[in-house]
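Here is a short briefing on one protein structure. Look over the sequence and the model first, then work through the points by topic.

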Amino acid sequence: MVHRTDFIASFAKGLRVLECFRAETPRKSVSEIAAATGLDRATARRCLLTLTELGYAEYDGKYFQLTPRVLRLGMGALAALPLPQIVQPWLDQLSARTGQSSSVSILDETEIVYIARSAATRIMSIGLMPGSRLPAHCTSMGRVLLSALPEEEARKWIDLSDLAPRTMRSRTDPDAIMAELAVVRAQGYSVIDQEVEIGLRSIAVPLYDIRGRVVAALNLGIAASDAPASELAERFIAPLREAQSGLRRVLQ
């Protein structure tokens, strides 16, 4: 626990402002930032103007948006993690073998964060790359990672999630999602059928370290036209499990 005298409140407020910008809402006004962070308008405005002065944001007179300079923060942190470097060759091999895009992500509260990716084809309308985020509750990797948590903790993150449907197939009932997590936990993999985006199916497995702890999730993204959801496990679980087994020997 950090001693209160060592806690810089203004720095914490600035980080809260940074976290408000997402792919789906790249431009925000002062009032929107204030509402999202719980800060008063004056404080939110000072944080945004500071980010603008430092080159991390730009302002058109009404809306603020982040600049590419902010990538230095996230990409520097990702580059410092050993996990992306370890998994990338396995992803490249998996994608070459299956002809499908593969990814590894970790859980960050209600979201997954992509840390490595090998894109065979682009089948999502949004481009995914290391640092990209998606809701955990409706993604194959997210459900794998949530299913590895104690049930009470998984329920907490689901209850805190924005369960607004992304497609007509999205599950939005917390109890139904928890029931699906139990299935994932029992079978050791998760299949998603167009819950994130119409036309996209995916299958994911957990990645374990040598101590048997779940440290990340690995998936394949498949165009819905390539295979029905009922066939994903039969067609792709074997190569996923081989990568899972190989990585378990090298993940610390």
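Buried means under 20% relative accessible area, exposed means over 50%, and partly exposed lies in between. The model is predicted. A search of the whole structure finds 12 salt bridges. The count of aromatic pairs is one, and the count of disulfides is zero.

**Aromatic rings**

- Phe64 has 1% relative accessibility, so Phe64 counts as buried.
- The count of aromatic pairs comes to one. Tyr59 and Phe64 form that pair, which is stacked, with 4.1 Å centre to centre and 15° between the planes.
- Planes under 30 degrees apart count as stacked, so the angle between Tyr59 and Phe64 qualifies.
- Tyr59 is partly exposed, at 41% relative accessible area, whereas Phe64 is buried.

**Charges over rings**

- Arg69 lies over the face of Tyr56, at 5.3 Å from the ring centre.
- Lys156 lies over the face of Trp157, and here the distance to the ring centre is 4.2 Å.

**Salt bridges**

- Asp159 and Arg155 meet through their side chains in a salt bridge of 3.1 Å, N to O.
- Both Asp159 and Arg155 lie in helix 7 (residues 151-160). They are four residues apart, about one turn of the helix.
- Asp159 is partly exposed at 46% relative accessible area. Arg155 is also partly exposed, at 28%.
- Arg171 and Glu180 form another salt bridge, at 3.1 Å, N to O. Arg171 is partly exposed at 33%, whereas Glu180 is buried at 12%.
- Asp209 and Arg213 are joined by a salt bridge of 2.7 Å, N to O. Asp209 is buried, with a relative accessible area of 0%. Arg213 is partly exposed, at 46%.

**Cysteines**

- A disulfide is a covalent bond between the sulfur atoms of two cysteines.
- The cut-off for a disulfide is 2.5 Å between the sulfur atoms.
- Cys47 counts as buried, at 13% relative accessibility. Cys138 is buried as well, with a relative accessible area of 1%.

**Surface patch**

- Ile8, Phe11 and Leu15 make a nonpolar surface patch of about 310 Å².
- Ile8 sits in the segment before helix 1 (9-18). Its relative accessibility is 53%, so Ile8 counts as exposed.

**Distances along the chain and in space**

- Ile192 belongs to strand 7 (residues 190-193). Is Ile192 buried or exposed? Ile192 is buried, because its relative accessible area is 2%.
- Ile192 and Ser140 are 52 residues apart along the chain. Their C-alpha atoms are separated by 5.5 Å.
- Ala96 is found in helix 5 (residues 82-98). Ala96 is exposed, with a relative accessible area of 66%.
- Ala96 and Gly246 are 150 residues apart in sequence. In space, they are 16 Å apart, C-alpha to C-alpha.

Methods
Residues numbered from 1 in each chain as written. Predicted model: local features only at pLDDT ≥ 70, side-chain atom pairs only at ≥ 80, totals over all residues. Heavy atoms only, no water. Patch = residues over 30% accessible without salt bridge, like charges linked within 9 Å, V, L, I, M, F, W, Y side chains within 5 Å. Areas by Shrake-Rupley, 256 points an atom, 1.4 Å probe, with all protein chains shown as cover. Salt bridge = Lys/Arg side-chain N within 4 Å of Asp/Glu carboxyl O. Helix = DSSP H or I, 4+ residues; strand = E, 2+ residues; numbered from the N terminus. Buried < 20%, exposed > 50% of the residue type's maximum accessible area, 1.4 Å probe, protein only. Phe/Tyr/Trp six-rings, centres within 6.5 Å; stacked < 30°, edge-to-face > 60°. Lys NZ or Arg CZ within 6 Å of the ring centre and 35° of its normal.
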